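Hi everyone, thanks for coming. Let me walk you through one protein chain, and please stop me if a term is new to you.

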Amino acid sequence: MAAKFKRVLLKLSGESLMGDNAFGLDPKVLAQYAAEIKSIVAEGVEVAIVIGGGNIYRGMNEADTGIERAQGDYMGMLATVINGMAIQSAMEKAGVYTRLQSAIKMEAVAEPYIRRRAMRHLEKGRVVIFGAGTGNPYFTTDTAGSLRAIEIKAEVILKGTRVDGIYTADPEKDPTATKYEQISYQECISKNLKVMDMTAFTLCMENNLPIIVFDMNTPGNLKKVVMGEQVGTLVSK
């Protein structure tokens, strides 16, 4: 059976790479994610990745840290490059060709982000990891994921989380919460469901880019999603 999607952008949170640790990186999670991504590359799917940096540094309240917002955001961008290098290492260990591109120039560890070069890498079957967010403060990695997905003409954003979709309330706090199999952009806004931050979400809505929110930590889920099985929650028109 052929994959449903030819080109996808996988958005991962930095916190997901911690595993059971309080911060940093868990080698077991990195290896698991690498195996999951390898399984869809083997199906001919072109994969781009954006990872957050919350496991290393999260932009915090300026009043609490004494670090101004813009400076803190740049620190967070550097954390995403560290995570990108970690997932790149894990995937190459698994035998997957990758390229890491950074929105902030750091030639010793990553290519600069060049849209056409990124698309060429994807066409050649390489996994492209986009680091350093958008390269600008005041924008989240969710926004970076939406922007890069639109730029490279991805068919869908796959938002890998630790929850198996979008619920009426937080299922970790409210046992009566029910899951949506499919929901529209407008419903997400009217019900104030926190799928992504508003800038990222609006970008997807305006460009009619669907989002699938699913549990990345369940083995085999990523492959099920790209093969078209009903996993997680689809957000679309």
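Let's begin with E187, which is partly exposed at a relative accessible area of 32%. For that word, buried means under 20% relative accessible area, exposed means over 50%, and partly exposed is in between, with a 1.4 Å probe and protein chains only. Before going further, some housekeeping: this is a predicted model, where local features need pLDDT of at least 70 and side-chain atom pairs count only at pLDDT 80 or more, while totals for chains, interfaces and linings use all residues. Residues are numbered from 1 along each chain as its sequence is written, and side-chain values use heavy atoms, with hydrogens and water left out.

So, which residue forms a salt bridge with E187? It is K191, and the closest N and O atoms are 3.4 Å apart. A salt bridge here is a side-chain nitrogen of Lys or Arg within 4 Å of a carboxyl oxygen of Asp or Glu. K191 is partly exposed too, with a relative accessible area of 41%.

Next comes a network: K6, R7 and E46 are joined by salt bridges that share partners. R7 sits in strand β1; helices (H or I, at least four residues) and strands (E, at least two) are DSSP runs, numbered from the N terminus. Is R7 buried or exposed? At 10% relative accessibility, R7 counts as buried. Leaving out residues up to four places away in sequence, R7 touches a list of residues including E46, M119, L122 and I152, where contact means heavy atoms within 4.5 Å. A polar atom of the R7 side chain also lies 2.7 Å from the backbone oxygen of I152.

How many salt bridges does the structure hold? The count is 13. One of them pairs the side chains of K11 and D142, at 3.5 Å from N to O. This pair links distant parts of the chain, with K11 in strand β1 and D142 in helix α5 (residues 141-151), 131 residues apart. K11 counts as buried at 5% relative accessibility, and D142 counts as buried at 12%.

Then there is K223 with E43, whose side chains meet at 3.2 Å, N to O. K223 is partly exposed at 32%, and E43 is partly exposed at 31%.

Now for the nonpolar side of things. In soluble globular proteins, nonpolar side chains tend to be buried together. A nonpolar core is a set of buried Ala, Val, Leu, Ile, Met, Phe, Trp, Tyr and Cys residues joined through side-chain atoms within 4.5 Å. The largest core has 37 residues, and L10, I49, M91 and L158 touch the most other members. Elements giving two or more residues to this core include β1 (7-12), β2 (46-51), α3 (69-93) and β6 (156-161). Apart from this core lies another, of 29 residues, among them A144, A149, C204 and V213.

What does L10 touch, beyond residues up to four places away in sequence? Its partners include I37, I49, L158 and F214.

Finally, I82 lies in helix α3 and is partly exposed, with a relative accessible area of 42%.

Conventions. Polar contact = N/O pair within 3.5 Å; in protein donor to acceptor, adjacent residues only side chain to side chain.
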